[in-house]
Amino acid sequence: MSAKILKVGALESEAIYIFREVVAQFEKPVLLFSGGKDSITLVRLAQKAFYPAKIPFPLLHIDTGHNFEETIEFRDRLVKELGVELIVRNVQDNIDKGRVREETGKYASRNMLQTETLLDAIEEFGFDACIGGARRDEEKARAKERIFSVRDDFGQWDERNQRPELFDMLNGRIDLGQNVRVFPISNWTELDVWSYIEQERIEIPSIYFAHKRPTFIRDGLIWSAADDIVYREEDEQVEERMVRFRTVGDMSCTAAVLSTATDLETIVSEIRESSISERGARIDDKRSEAAMEKRKQQGYF
Amino acid sequence: MKVTKIATAGSVDDGKSTLIGRLLYDTHSLTEDKLQAIEEKSKQRGFDYLDFSLATDGLVAEREQGITIDVAHIYFSTLNTSFIIADTPGHIEYTRNMVTGASTAQASIVLVDARNGVVEQTYRHFFINNLLRIKDVVIAVNKMDLVDYSEEKFNQIKREIEYLASKSEYQNQNITFIPLSALKGDNVVQASENMPWYKGETLLNHLEDLKLEDVQEESSTRFPVQTVIRPKTDDFHDFRGYAGKVYGGDLEVGDEILVLPSATKSTVKKIHFFNQEYQTAKRGSSVTIELQDDVNVSRGDMLVKTNEEPQIAKQVKATVCWMDKKPLTSSSRYYLKHGVNDVQAKITEISSVVRTDFSGKELSPSQLALNEIGEVELKLSKPIFFDSYEENKANGSFILIDSQTNNTAGVGFIG
């Protein structure tokens with residue numbers, strides 16, 4: 001064997017360290033998987049943390065029913081390859097039961113409704129640690145988030161009473177009924193995630209690459225008109241455009257960007273040059289300046 | 001790309017948010033939508049300037065009161081460096097937040113208002129940087145525009161800080177003085193035309209040029225075991241890998257090691273990172289180690305090189321910074337987390353409270369209150385394997401956890 005020296009990737013090392021702390025400190029962790037690039041990156045980091053063993057926790061998908069088809073196909077293929085358990089819980093079930101009410105009208109979205117389904121799943125399975133792909137650079141309330149973020153029985157975030165996190169030490173001690181949200185890529189930026197996907201050649205759903213799609217324009221943002229999930233008024237004209245998506249949340253609140261990037265290299269250079277933030281195309285954050293903080297207090301991711 | 005973590009410190013109105021905003025603005029890190037939001041909000045509040053604190057104060061309560069409550073992390077990058085800035089609040093729970101923000105920082109910026117010079121708060125900021133052994137400290141003398149860019153004023157502040165530094169226990173610190181105006185942009189990203197007498201670098205250039213290798217000083221190799229990996233699959237039936245992060249120095253295949261606390265000897269057989277094997281794991285890397293012999297190793301154990309043993313003890317003396325509303329009292333019990341090793345701890349003595357303005361100690365206090373720093377003796381339920389904080393930051397620090405609330409109540413630096 002030649003003298004192979006492992007190069008240190010500070011952010012990658014930190015994320016792997018966090019994954020290992022989760023498995024060592026908690027009894028029932030779960031990885032929240034949306035099929036988006038951040039959770040796909042988490043899956044690769046989890047593989048690295050535990051290789052040659054399999055990922056030692058299941059994936060949980062809170063399905064809004066408003067997914068891009070490509071994301072679901074991708075999800076099922078990935079789970080099969082990894083040989084891990086996938087748990088899916090549907091927002092639609094809670095709507096059918098009348099436990100949550102669906103929004104209607106122009107800006108209707110199921111994004112908020114995910115919280116209830118997530119909290120139900122945590123209770124149903126008794127998860128004590130939920131690993132998610134949120135990053136501090138996404139949004140300024142998220143910039144205040146800890147790596148191990150303690151939530152009470154109602155999933156609430158007490159933002160003014162957070163545990164200090166010092167050096168590498170992560171305090172995962174909780175009471176029965178509490179759970180911890182864990183964010184291994186807290187310190188990554190959008191560009192870090194894309195650069196990592198490029199470096200590792202990680203496969204991602206096709207909607208992240210530029211493709212032709214019927215779209216319409218509202219409030220300066222480009223919306224998908226490929227099916228009838230996104231509410232569209234009659235005078236909002238559909239036109240085919242070359243677009244890609246920067247995030248893949250609920251279709252009804254995720255806008256596309258014009259792009260010709262059909263490979264990872266071009267995406268990375270587009271992100272580098274971009275003058276609009278990632279969440280600038282997420283209508284759920286535009287509701288008010290405190291939209292994210294309010295959702296987090298209620299148990300949102 | 002190089003990642004550099006920086007802590008910031010400044011009193012209220014020293015212009016810390018403006019400085020961070022200026023760094024973001026001049027490096028074109030604020031995207032159009034974020035900038036637009038700041039413009040709108042500034043206008044709505046009747047300001048005739050851009051209030052950059054709106055970019056970082058992420059909580060409703062912070063924006064309402066115009067103060068920073070909790071540490072925020074801000075990210076921006078230049079062509080060769082990714083920066084993570086811990087923006088710590090200036091007043092409320094100051095010590096707790098600054099220690100937290102600075103614990104992972106490789107460098108620190110202390111803001112001084114050129115008009116006011118060195119004030120009591122500056123002493124505290126400087127003290128905490130010394131306590132945490134932050135190698136590179138930048139004294140950013142801000143608001144130079146309001147003192148007519150006076151060299152004399154700048155030199156006066158420099159002399160005062162240098163006097164303070166001469167009293168510090170930590171003499172290996174690199175202190176850099178930069179005169180700047182965050183509001184006008186002098187010497188932050190662009191070199192100032194208003195201070196021809198200043199020949200040094202701009203703040204950004206200085207931060208970009210910091211040598212990380214200097215910052216993470218090399219010491220003895222420490223490998224605390226986080227978890228044991230046993231796949232039990234057909235391909236890896238007998239595989240037993242020890243997962244952890246390498247601290248202090250490098251680890252190589254063939255290194256003779258000692259497992260603590262059992263003191264069993266073995267040799268590093270393989271170093272795995274994902275599906276590849278390596279000859280050397282540099283400090284800072286998260287790897288999986290296989291040993292030559294079938295020895296008993298579990299979480300909390302530590303692998304060290306045979307000639308580099310740390311101290312092993314059930315009694316330690318440490319400087320503790322207290323972070324909980326409920327004060328630390330003598331004879332109280334806590335969980336102590338030293339790296340990934342958990343033990344129980346009893347406070348046997350609080351020897352002193354250290355004044356953070358370099359004016360000495362108060363001996364035999366009855367307690368350590370929130371935001372106080374003191375010298376403490378602890379008795380542990382099991383031995384820990386440690387170095388002094390000076391030798392190895394990761395292996396010389398611990399946290400104390402309140403056994404009733406589970407809150408992280410304090411942090412200790414082993415002396």
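Axes here are lines fitted to C-alpha atoms, for helices over the stretch in contact, and angles run from 0 to 180 degrees between N-to-C directions. Two packed helices are described by the angle between their axes and the distance between the axes. The structure on screen is a predicted model.

**Stop 1: two helices in chain A**

Select residues 10-25 of chain A, which form helix 1, and then residues 37-50, which form helix 2. The axes of this pair are 9 Å apart, and the packing angle is about 70°. Angles from 65 to 115 degrees count as roughly perpendicular, so helix 1 and helix 2 of chain A are roughly perpendicular to each other. To see the contact, show the side chains of Glu12(A), Ala15(A), Ile16(A), Phe19(A) and Arg20(A) on helix 1 of chain A. On helix 2 of chain A, the contact uses Leu45(A), Ala46(A), Lys48(A) and Ala49(A). Sorted by type, the residues of this contact are six nonpolar and three charged, with no polar ones.

**Stop 2: Leu11(A)**

Stay on helix 1 of chain A and select Leu11(A), which is found in that helix. Is Leu11(A) buried or exposed? Leu11(A) has 22 other C-beta atoms within 10 Å. The cut-off for a buried residue is 20 or more, so Leu11(A) is buried. Next, select Asp192(A), 181 residues away from Leu11(A) along the chain. The C-alpha atoms of Leu11(A) and Asp192(A) are separated by 8.8 Å. Leaving aside neighbours within four places in sequence, Leu11(A) is in contact with Asn187(A), Trp188(A) and Asp192(A), and also with Val3(B) from the other chain.

**Stop 3: chain A as a whole**

Zoom out to view chain A, whose secondary structure comes to eight helices and 11 strands. Of the 301 residues in chain A, 51% are buried. Among the contacts in chain A with a separation of 6 or more, 75% are between residues 24 or more positions apart.

**Stop 4: where the chains touch**

Colour the two chains separately. Chain A puts 49 residues into the contact, and chain B puts in 57. Which element gives the most to the side of chain B that touches chain A? Select residues 72-77 of chain B: this is strand 2, and it gives the most, with four residues. The side of chain B that touches chain A has 25 nonpolar, 20 polar and 12 charged residues.

Now select residues 5-6 of chain A and residues 280-281 of chain B. These are strand 1 of chain A and strand 13 of chain B, which run parallel and are joined by two bridges. Leu6(A) stands opposite Ala281(B) here.

**Stop 5: a sheet in chain B**

Move to the open sheet of six strands in chain B, with strand order 2-3-1-4-5-6 and mixed pairing. Strand 2 and strand 6 (174-179) of chain B are the edge strands, each pairing on one side only. From one strand to the next, the twist averages 25°.

Select residues 107-113 and 136-142 of chain B to show strand 4 and strand 5, which pair in the parallel sense over seven bridges. Within this pair, Val112(B) has Val141(B) as its bridge partner.

**Stop 6: the domains of chain B**

Colour chain B by its domain assignment: domain 1 is 2-215, domain 2 is 225-305 and domain 3 is 311-414. The C-alpha centres of domain 1 and domain 2 of chain B lie 41 Å apart.

Terms used
Residues numbered from 1 in each chain as written. Chains lettered and ligands numbered in written order. Predicted model: local features only at pLDDT ≥ 70, side-chain atom pairs only at ≥ 80, totals over all residues. Domains from an automatic or database assignment. Parallel < 35°, antiparallel > 145°, perpendicular 65-115°, else oblique. Contact = placed C-beta atoms within 7 Å. Nonpolar A, V, L, I, M, F, W, Y, C, P; charged D, E, K, R; others polar. Pairing = 2+ DSSP bridges. Buried ≥ 20, exposed ≤ 12 C-beta atoms within 10 Å, placed from the backbone.
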